[in-house]
Amino acid sequence: MFFYSYQKVSIFCKNLILSQLITYNSVTMSTRTNEAWLADLRSTGIPHEEALNDLRDVIQKGLPYALSRWLSSDDPLFPPLVEEVTQETLLRVLDQLDTFEGRSLFTTWVHKIAIRIALTELRRKRWRDASLDELTENEDAPPPPGLLADPQASPETSAERKDMLERVRRILQEELTPKQREALTLLGLQDIPMEEAAKKMKTNRNALYKLLHDARLRLKKRLSMEELTPQDLLSAFEQK
Amino acid sequence: MKLKDLFQNLFGKPAPQPEMTDEVVLKIINILERARADEITCDDMFMQLDEFVEHKFHGRDVEKIAPLLREHLDICNGCHEEYAALLSVLENTQNKN
């Protein structure tokens, strides 16, 4: 009799503790302020572990929406990618905790980091998995129809367009460094993602953007010296 | 041996070199049209992306609040993809209150 009562009380207590814990977890997870996230992640022991678990849930809840344009959550590649991204994001968040300035929700900041990691990985995979044939198959393909082949353009318009393109091509050759020319051509010709182009050129995305930015300003200045503007050039191609 | 030489040995023809076709030149002109001296970089964009997306999510006028960020998104595909992904996460996981 005593044993039976003891067992009942014990089960009751366990259930009570469990339900309290679940309530505590759902409340802390949904109502944690930025300060609470930071405090818990900087602490040790159970609060730290719980914060990490909650953050793992936050990341994994967001990734299907973040990646939906590129990868379905039904795809067999999805679960391992999510696991890899979650691990990497948690490590990076803990490492960069002091750089969070509180200008957004902490969870938005974390999603941002997860998205950067996930998209970088997806872009890398997409380009790595493209076969050599796929990358070179355009070599023997006929050139794209091109704007000069516009059947509605008059001979004068076609000649004018050809002349303008030649002028710009010459300016590109004269004004840009080989590295700037390579970057513009890679991105313009193959639509390679910025990160992949950067890797190909042994630099990083930000440095490549700066390189392109300088190139664009330089070209714009030179065009203006030749009394040309990008708008003039573009409008020449809009004429019928 | 350089990759270019290896390619030439294996296939008996030079590695493909990107060339400035008319389409590439025109794309470059398109990009030039939007070039301005006070542009921000991808690192600047990333630093402010979370705050910027929250403004957008809450329906605030981001053109007025952060015009340079808005313009960067128009010309940088990589940053725009990250912006769209983050906005999608907020729209599907957060309340607007």
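**Exercise 1.** Which residues in H3(A) meet which residues in H4(A)?

*Solution.* This is a predicted model, in which local features need pLDDT of at least 70 and side-chain atom pairs count only at pLDDT 80 or more, while totals for chains, interfaces and linings use all residues. Residues are numbered from 1 along each chain as its sequence is written, with chains lettered from A and ligands numbered from 1 in the order in which they are written.

Step 1: look for contacts, meaning C-beta atoms, placed from the backbone, within 7 Å. From H3(A) come A:Leu52, A:Leu55, A:Arg56, A:Ile59, A:Gln60 and A:Leu63, and they meet A:Val82, A:Val85, A:Thr86, A:Thr89, A:Leu90 and A:Val93 of H4(A).

Step 2: sort this contact by class, which gives 8 nonpolar, 3 polar and 1 charged residues. Here Ala, Val, Leu, Ile, Met, Phe, Trp, Tyr, Cys and Pro count as nonpolar, Asp, Glu, Lys and Arg as charged, and the others, Gly among them, as polar.

**Exercise 2.** How many residues of chain A are in contact with chain B, and which helix supplies the largest share?

*Solution.* Step 1: count both sides: 48 residues of chain A are in contact with 40 residues of chain B.

Step 1: go through the helices of chain A; among those that each supply at least two residues are H3, H5 (106-129) and H7 (155-175). H10(A) gives the largest share, 9 residues.

Step 2: by class, this side of chain A has 25 nonpolar, 12 polar and 11 charged residues.

Note on methods
Contact = placed C-beta atoms within 7 Å. Helix = DSSP H or I, 4+ residues; strand = E, 2+ residues; numbered from the N terminus.
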